[in-house]
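Trainee: I would like to go through this model with you, starting with the helices. Please show me the structure.

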Amino acid sequence: MKKLIGLLLLFLVILTAILWIRTETVFVDKQLQVQQIERQLPLDKDAVVSRLAKGIQFKTISYDDPKQFDDKPFIDLRRHIQQSYPLVHQIAQQKTFSEHSLLYYFPGTDKTLKPALFMGHMDVVPVDDATLDKWQQPPFSGAVVNDVIWGRGTLDDKVTVFALLESMELLLQQNKSFKRGIYLAFGHDEEIGGYQGAAKIAEYLQDQGIEFEFVLDEGGAITQGIIPKVEQPVAIIGIAEKGIVNLKLTVDSQGGHSSQPPEHSALGILSEAIVNIENNQFDTDLTFSKMTFDAIATYAPMSNRLPMANLWLFEPVVSNVMLDTPSSAASIRTTIAATMASGSSKSNILPSQASAVINFRILPGDTIETVKQHVINAIDDERVVVSDFMGTEPSAVSPTDSFAYKLIEKHIRQQNNEVLVAPYLLVGATDSRYYNALSDNIYRFMMIRLDPDGLTRFHGINEQLQVTDYLSAIRFFHAVLQETSGVSVPLSAN
Ligand SMILES: [Zn+2]
């Protein structure tokens, strides 16, 4: 007995030693070591802010119902952009798509360099009437109060469009010819899928045989308090995004009067199918969480590093902890969301057909086909017919050692050395997905700060942007555009 306890103790000592040694040695500091640089751009702050604020006032809303589409705000916004950025419009080759999406091309002199593409979108989601009285400033006021710009689009995504235009206009004032060609693409229907905007632009560019050195779109941001127990701000750069597919489940039956029902109606069969799918969740995969953590591990507390350094032992525990919160659960597996259902149109009529729609967000590694197969197996009932619609495969995974990733990383850290940089998986979808065939290096990042409060304002109430954040976004784009285009600019950087 004594011997057994002795052995057990020895085992525990060795295990603790292994866990501890791994915790202390597995991770190295991955943060790029750069000097912080104070970049002073010759910007007229008030004018810069008022141009974005005015841009917010145009109700460029994307509605699910195409009948609600109003083209006037889009025309007005475009006129505002044309008037505000004269050099951009003088120098760029321009093309519109589906009337409202805009593409600008600034050719480069060195044809051996692949061009780069910077993206944003001009449309916004509607504001729910029921929430209007909760807005501290009206959603399309573009009010500027105490150095905060208010309204729909200040975060998603007029900030990107205007910050890109401001920085490009300034760069052109300083230098009119680039070595590397630069494209700017602004879609007008991102919030409803980008089918008329980004999809058409990408198709056109692909027809032209263009390949991009990199593509930069909205997505990540500088997060604060979003990664548990990491106190420093973390800039997360999207290196991949999940795919989407809707599966429609249909059950046909006799129908008839509800006074003489069969034991299981079409709706009952359908309900069982949905429950079976929900009870057969997809496997978890910590690949992206590991990549994110790896980049910032040495800045994380011991309590985080211990399990992450020893996933050989703790992977199930880590997965379970992440599954507890829907947002982190979404980053480690393909998600299942039953969103729509219909039966008969009257309370006393049995449905002759019942149907439901389930929306899946597909983790890279899964595909539309594997999702469909998983669902068919989970249902295991031939009466339920499964068909897919509006599917997009998950994106490819862009590397973290490319010119573009390093460039983005460098300029984040140069602006603020406190900010850590890490790659991550976007659980939503962006217009950049249409560029999968046009570049191996697609990144999703916007230089704004987002705390948990800020996250709720995306598509929510009181969407707002600090003026300091807007200026920092402009400085960031200016630096990235400058280095990408290969021009030297007499900056008053010191
Ligand atoms: Zn957006």
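**Helices, sheets and loops**

Mentor: In helix 13, Leu 407, Ile 408, His 411 and Gln 415 are in contact (C-beta atoms, placed from the backbone, within 7 Å) with residues of helix 15, namely Ser 472, Arg 475, Phe 476, Ala 479, Val 480, Glu 483 and Thr 484. The model is predicted: local features need pLDDT of at least 70 and side-chain atom pairs 80 or more, while totals for chains, interfaces and linings use all residues. Residue numbers start from 1 along each chain as its sequence is written.

Trainee: At what angle do helix 13 and helix 15 cross?

Mentor: Helix 13 (residues 403-415) and helix 15 (residues 467-485) cross at roughly 135°, and their axes come within 10 Å. Helix 13 is therefore oblique to helix 15. Under 35 degrees counts as roughly parallel, over 145 as roughly antiparallel, 65 to 115 as roughly perpendicular, and the rest as oblique. Axes are fitted to C-alpha atoms, for helices over the stretch in contact, with angles of 0 to 180 degrees between N-to-C directions.

Trainee: And how far apart are the axes of helix 1 and helix 9?

Mentor: The axes of helix 1 (residues 2-25) and helix 9 (residues 302-309) are 8 Å apart, and the packing angle is about 105°. These two helices, helix 1 and helix 9, are therefore roughly perpendicular. On the helix 1 side, Leu 19, Arg 22 and Thr 23 take part, and they meet Met 302, Arg 305, Leu 306 and Ala 309 of helix 9.

Trainee: Turning to the sheet of four strands, what is its order?

Mentor: The order is 11-13-9-14, in an open sheet with antiparallel pairing; two strands pair if DSSP finds at least two bridges between them. Strand 11 (335-342) and strand 14 (384-392) are the edges, each pairing on one side only. From one strand to the next, the twist averages 20°.

Trainee: Which helix packs on that sheet?

Mentor: Helix 7 (residues 266-278) does, touching strand 9, strand 11, strand 13 and strand 14, and its direction makes about 15° with that of strand 13. Helix 12 (residues 368-379) lies across strand 9, strand 13 and strand 14, and runs at about 160° to strand 14.

Trainee: How many bridges join strand 9 and strand 13?

Mentor: Strand 9 (residues 243-252) and strand 13 (residues 353-362) are joined by 10 bridges in the antiparallel sense. Val 245 has Phe 360 of strand 13 as its bridge partner.

Trainee: Now the backbone: which peptide bond is cis?

Mentor: The bond from Asp 156 to Asp 157 is cis, with omega near 5°. Asp 157 sits in the loop between strand 5 (148-150) and helix 5 (158-174).

Trainee: Where is Asp 147, and what is its phi?

Mentor: Asp 147 lies in the loop between strand 4 (144-145) and strand 5, and its phi is positive, near 60°. Asp 147 is exposed, with 12 other C-beta atoms within 10 Å. His 459 also has a positive phi, about 65°, although it is not a glycine. The loop between helix 14 (452-457) and strand 17 (464-466) holds His 459, which is partly exposed, with 15 other C-beta atoms within 10 Å.

Notes: Two residues are in contact if their C-beta atoms, placed from the backbone, lie within 7 Å. A residue is buried if 20 or more other C-beta atoms lie within 10 Å of its own, exposed if 12 or fewer, and partly exposed in between; C-beta atoms are placed from the backbone.
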